[in-house]
Amino acid sequence: MTENTPVTKDDRSTGMGIGTKVILILAALTAIEYVIAVAKPPGQIALIFAIAITKAVLIVMYFMHVRQIWEEDHA
Amino acid sequence: MTTANPEVHSEHASPKQRLAINRLGLWLFILSESMLFAGLLMVRFSLLGTYTAEELSQITGLIITVILLLSSFTAYQAERSMRSGDVSRTKQYLLLTLGLGAIFTAGVAFEWYEALEAFPPSTPFGSVFFTMTGLHAFHVITGLVIIAIVYSRVRRATYASSDSWPVEASVKYWHFVDVVWVFFYPALYLLN
């Protein structure tokens with residue numbers, strides 16, 4: 001299914017699965033960020049921003065569907 | 001990537017071509033907005049290094065971050081529901097997004113109330129904090145207004161269930177606001 005195709009009820013249950021997984025990973029990463037900030041291990045800043053970049057990539061890829069830009073010509 | 005094609009730019013472009021143009025335009029807008037927020041992040045580090053005010057409430061920061069992430073999830077579900085033609089669920093998820101966005105804004109307002117005493121805008125950290133959270137909150141409020149307009153139109157059945165672009169566009173903008181906060185939250189709260 002391309003990003004332009006209407007979502008069917010069956011597809012939506014799959015989408016709910018992906019969305020739920022992504023939000024759970026985002027929540028876990030946020031918790032890890034917080035723990036790192038409290039524990040202050042060596043390389044704290046690098047770790048925190050590596051996690052922030054991972055979270056941003058997840059949102060852009062799965063919630064914002066950035067791949068739609070490249071898929072249009074082939075849809 | 002969508003290529004320059006005179007046919008695409010005509011008023012008679014097919015719905016698929018118009019959708020491609022709309023999406024590309026929105027992504028370019030988001031990219032240009034990203035430059036503004038990236039500049040603010042640079043300013044934060046060049047002025048303050050990794051300093052963070054101890055008075056900043058870590059718990060409030062964490063709570064509003066989780067709320068904004070949750071609102072991204074409900075916005076995502078609203079978009080998917082609209083594409084499947086389920087208007088009822090679309091309205092529910094848009095309302096949830098609006099509610100969570102309003103709670104986030106209230107949380108930032110509470111932070112401002114506390115921050116005005118602890119580190120007023122005249123202090124170095126205060127100026128950075130109020131500028132970054134203020135500009136972000138302005139975008140959050142803009143997003144809430146856009147989603148409220150889209151919700152109102154979905155409720156009045158202004159959009160055909162096959163035309164999911166208005167919902168998609170407002171939701172994409174909302175996700176962008178969330179992505180900005182993904183970087184602002186650690187930059188303001190978690191460094192020490």
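Me: Are K172(B) and E168(B) buried or exposed?
Reply: Both are buried, meaning under 20% relative accessible area, with exposed being over 50% and partly exposed in between (1.4 Å probe, protein chains only). Keep in mind this is a predicted model, where local features need pLDDT of at least 70, side-chain atom pairs count only at pLDDT 80 or more, and totals for chains, interfaces and linings use all residues. Side-chain values use heavy atoms, leaving out hydrogens and water, residues are numbered from 1 along each chain as its sequence is written, and chains are lettered from A and ligands numbered from 1 in the order in which they are written.

Me: What do the side chains of K172(B) and E168(B) meet in?
Reply: A salt bridge, 2.8 Å from N to O. That term covers a side-chain nitrogen of Lys or Arg within 4 Å of a carboxyl oxygen of Asp or Glu.

Me: Which residues join them in one network?
Reply: R23(B) does: salt bridges with shared partners connect R23(B), E168(B) and K172(B). E168(B) and R23(B) have their closest N and O atoms 2.7 Å apart.

Me: Why does E168(B) count as buried?
Reply: Because its relative accessibility is 0%. R23(B) is buried too, at 3%.

Me: Switching topic, how many salt bridges are there over all chains?
Reply: The structure holds 5. One of them is K55(A) with E33(A), closest N and O atoms 3.0 Å apart, and both of those residues are buried.

Me: And why is L28(B) counted as exposed?
Reply: Because its relative accessibility is 53%.
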